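Here is a short note to read beside the model. Please keep the structure open and find each residue as you go.

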Amino acid sequence: YLKISKLALAFAIIHSKPAGKSSKEYTEYLAKTVSKQDFGWKWKVEVLEAEVLRLHQELLLNRISPRFCLENNTSAETLLGQESVNPASYSSQLEDSGCDVCNDSAFDSLGVASDFHQSEHNVNTSKHWLERVPPLNFCHTSKEQSLTAPMHFLQRLLEIRKLSEGGILQADFSELENDSFTICNSVSQLLDGLTVFYNSPKFPSPSFLNEGVCVLISLITDTKLSNHVLKKCFKKMEEFKKNLIQIILRNRSVNRFQALNSVSQMLGLLGRNNILRNSLISLLLSEVRQFAEQLLQAHQVQSMYDITQYENMFLLCMILEQLLQNETEDSNISSSDYGGEEKIKFLKNLDEIILHLSDEFPLFSLYLWRVSVLLNSGQMQ
């Protein structure tokens, strides 16, 4: 039946083809027309799915705190003229330079995080913040929408959390347990949106990108919301961290260091969470170890190595060193030690690797040694 149908279609195309066109050209034209129609249907489906998610978000917020939804009906026209609240640490714009970084503490990711928490603490959690939370139907371009739409929902969720903690609102966060679809899809869209923009950075960085980073960090550091987010979206968070690491390693742009500094700061902020910290340390140890082994092999046989990846690897080493140095700040370490196995692999034959690479690659060898000292100091035990 399928063969007969294909043969009938072929005869129909040949019979109906216009003059001056071959059967092949006419077939390609018909295929393009059909594909365009399919694209239109896919776009319509995506729009409808986005609308369904928005309605789920509104419903979830209403279930958690109906009073918040009634009070937070600021008009879209008013919000269009307002600037988003961003932490002071992200207020400076990135300079378009391939060599220099924004300031002397460019890689102090954890310092940036402390500035973020300080600025967050200074925000008035009452009427001032409510006026700045965008409505869920806030309009952007399609690319921006992938980031801003879930970000605005999560902003509202965070504000309900703050106001309920201050006794201003009554909120029932047990509803998050009953609606895993909405929270999972919103966080996933936020992570995907951040990945898209980190893959193609702009100078200066868009304000809503910095705001999205702050929302994500607030979610995973909030004592009540982080459990819901990490429990339902842990795999997505792991994928996001892997994507950020690969963005650092694979970036070959001449003017890349400003963009990579922004990504490294994001990884440092993610590492402040106890659960994410262990898994991130494991990922970083794995990447540094594999590159060190590849570099040793290339050095022994006098073959070429990837100089760009070698330069980018120092960012991972810096992040890894920072996370290990600050490991003892919080004693509530997750029972699942994701760095344990990678720690053993990293330390195995490390002395031999450092010995062979120290003359040709002294700075990289120094970083390997410093990381090994931190691992052996008992901070990861």
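**Notes on an aromatic cluster**

1. Tyr-310 counts as buried, at 12% relative accessibility. Buried means under 20% relative accessible area, exposed over 50% and partly exposed in between, with a 1.4 Å probe and protein chains only.

2. This is a predicted model: local features need pLDDT of at least 70, side-chain atom pairs need 80 or more, and totals for chains, interfaces and linings use all residues. Residues are numbered from 1 along each chain, and side-chain values use heavy atoms, without hydrogens and water.

3. The whole structure has 10 aromatic pairs. Rings of Phe, Tyr and Trp (its six-membered ring) pair if their centres lie within 6.5 Å; planes under 30 degrees apart are stacked, over 60 edge-to-face, the rest tilted. Phe-291 and Tyr-310 form a tilted pair, 6.3 Å centre to centre with 35° between the planes. Phe-291 lies in helix H13 and Tyr-310 in helix H14 (residues 307–325), so this pair ties together parts 19 residues apart in sequence. Helices are DSSP runs (H or I, at least four residues), numbered from the N terminus.

4. Phe-291 is buried too, at 5% relative accessibility. Its ring centre is 5.7 Å from that of Phe-364 and the planes are at 90°, so the pair is edge-to-face. Phe-364 lies in helix H17 (residues 362–376), so the pair ties together parts 73 residues apart in sequence. Phe-364 is buried, at 0% relative accessibility.

5. Which residues do ring pairs link into a cluster? They are Phe-291, Tyr-305, Tyr-310, Phe-314, Phe-361, Phe-364 and Tyr-367.

Notes. Helices (H or I, at least four residues) and strands (E, at least two) are DSSP runs, numbered from the N terminus.
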